[in-house]
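Colleague: Before we talk about any details, could you put the model on the screen and take me through it slowly?

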Amino acid sequence: MVLCPVIGKLLHKRVVLASASPRRQEILSNAGLRFEVVPSKFKEKLDKASFATPYGYAMETAKQKALEVANRMHQKDLRTPDVVIGADTIVTVGGLILEKPVDKQDAYRMLSRLSGREHSVFTGVAIVHCSSKEHQLDTRVSEFYEETKVKFSELSEELLWEYIHSGEPMDKAGGYGIQALGGMLVESVHGDFLNVVGFPLNHFCKQLVKLYYPPRPEDLRRRVKHNSIPAVDTFEDLSDVEGSGSEPAQRDTGSCDEKAQAGEAGQAAAEAECHRTQETLPPFPTRLLELIDGFMLSKALFTACKLKVFDLLKDEAPQKAADIASKVDTSVCGMERLLNICAAMGLLEKTEQGYSNTETANLYLASDGEYSLHGIIMHKNDLTWNLFTYLEFAIREGTHQHHRLLGKKVEDLFQDAYYQSPETRLRFMRAMHSMVKLTACQVATAFDLSRFSSACDVGGCTGALARELAREYPRMQVTVFDLPDIIELAAHFQPARPQAAQIHFAAGDFFRDPLPSAELYVLCRILHDWPDDKVHKLLSRVAESCKPGAGLLLVEMLLDEEKRVAQRALMQSLDMLVQTEGRERSPGEYQCLLELHGFHQVQVVHLGGVLDAILATKVAP
């Protein structure tokens, strides 16, 4: 039985659900929808940090799932589907996105975060209408998201592990299933329960109404809300033409005869109203508005870090805005507004007792954390923010903008801009340290490097990657090679670790001085800083230092080959235009560069975070 007439609009279409989730299948089947199940093969490795909101990530994942199925079926099937439905459900708490746990320990970490707290469950849904014209697939995408607030009770260790050992958490976002055993963990639900199960059926029906039934004049006169599911009698005078494909039906809005009888003025008003309802209103530009205001959110985060707000609240009891303001010497009203937006962004928690850090803030925003991003944030606040005010000039001229920022000609980019004083040099090093530290473990384990007994990290700055290589490969001796001023300050970043004996620091200029001998050379975030001529010069110098069989490990942010998907890398490439003489490259471009200098057997690993890794081997000429 079809309970909602809008579901009936899909009865004579080929509908495909791009999901293997039995929960989504059950929800849609119970609603009377007939569909095929074709699980998506889209690899869910989108960079979460590139999305301004968690639901933006969920919606994009859902869209990519549906589009992958649509394209695959169009290529391999005799008949293109009419509609493909994609969905992605995520759980967020304290600014972190929790998807499916990878093992029991991961499930324990997730559920411990949820214990006694309220969290949000977001489901992004994409409805892809497909048609085939001259054997080419044409798609029209409608997408939306639903949010439900769920609060857990305080979980005892015994209950938590009992639930984990049941096996239920392992295939569920956030590590629990509310419709089964996980329901015993839930204290309250605010919003759509089915959304937490895996699919927001009510919102899905409302979206179908918008697609297939634009509002009629009489609907507007009755003040029927556009986002509500109309009553059955609303559809009685509508026809649904068989074989119309995937295009949403357009209704006949009727004539304006009755209103025309009221006089010339009434007729003009009626015609205007009818004309208005004949047009399908565009979707509200939520994502676009978020992009427009995104720079303000960034600056709010930068300011909170510069004022050391997250340092003040780290591992402390909640504090009032007035107390925080007095400690950092700001106005109370200004601090309260800053704290409120940080709470809205998921960086702080706000309660009646005051403001406190989320786990994200403790881990990444407090300046003394092991994985703190405070260094890169200060670099972007103090330098990148100001340079980007000259973005238009950079695009017109095709060159960096330090001369405008400094008010003088820049002869040596790094010495004049980044290393002009000990303070600016240390700021740059902190920025590089925080970025490399975040991904050093992934880089060190991306490939099996155990065959190399020595490595040289060219331009290795603080030695963050060198320490991770030494930790992972106890037989490897690692030399950090960088400018004398950098080597002198690198001592600020050297913790007392057992691997210290494996790491050595050597001073020199990699464009002029001989490179230390090694079996593996590492260039981490080096090549993207330089124009092509200097890139060829550096690779040539590395190749001359290599014996056959030696390795070269590149660590960079990779563009996709078409330069249209990897948003963070594309943004970084634009950043390079403003800040340096370099650019980001695709795997194919790097392979061409490496092979030109005698490096072959090129392997690429996408690390799933900020950076990617490429390993190549020097062959005999």
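Modeller: Let us begin with a definition: pLDDT is the predictor's confidence in each residue, on a scale from 0 to 100. We need it here because this is a predicted model.

Colleague: What pLDDT does the protein average?

Modeller: The score can be read in two ways, as a share of residues and as an average. Of the residues, 87% score at least 70. The protein as a whole averages a pLDDT of 85.

Colleague: Is K65 buried or exposed?

Modeller: K65 has its place in helix 3, which covers residues 54–76. Buried means a relative accessible area under 20%. The relative accessibility of K65 is 9%, and therefore K65 counts as buried.

Colleague: With which side chain does the side chain of K65 make a polar contact?

Modeller: Leaving aside neighbours within four places in sequence, K65 is in contact with several residues, among them A18, F42 and E44. The list of contacts also includes A87 and D88. The polar contact, at 3.3 Å, joins the side chain of K65 to the side chain of D88.

Colleague: How many residues apart in sequence are the parts that the pair of Y55 and F122 ties together?

Modeller: A search of the whole structure finds 18 aromatic pairs. One of them is formed by Y55 and F122, a tilted pair with 6.0 Å from centre to centre and 45° between the planes. Y55 lies in helix 3 and F122 in strand 5, which spans residues 118–133, so the parts that this pair ties together are 67 residues apart in sequence.

Colleague: Are Y55 and F122 themselves buried or exposed?

Modeller: The relative accessible area of Y55 is 14%, so Y55 is buried. For F122 the relative accessible area is 6%, and F122 is therefore also buried.

Colleague: Which residue lies over the face of W385?

Modeller: There are two cases of a lysine over a ring to look at here, and in one of them K534 lies over the face of F511, at 5.9 Å from the ring centre. For W385, the distance from the ring centre is 4.9 Å, and the residue lying over its face is K299.

How values were computed:
Residues numbered from 1 in each chain as written. Predicted model: local features only at pLDDT ≥ 70, side-chain atom pairs only at ≥ 80, totals over all residues. Heavy atoms only, no water. Helix = DSSP H or I, 4+ residues; strand = E, 2+ residues; numbered from the N terminus. Buried < 20%, exposed > 50% of the residue type's maximum accessible area, 1.4 Å probe, protein only. Polar contact = N/O pair within 3.5 Å; in protein donor to acceptor, adjacent residues only side chain to side chain. Contact = heavy atoms within 4.5 Å. Phe/Tyr/Trp six-rings, centres within 6.5 Å; stacked < 30°, edge-to-face > 60°. Lys NZ or Arg CZ within 6 Å of the ring centre and 35° of its normal.
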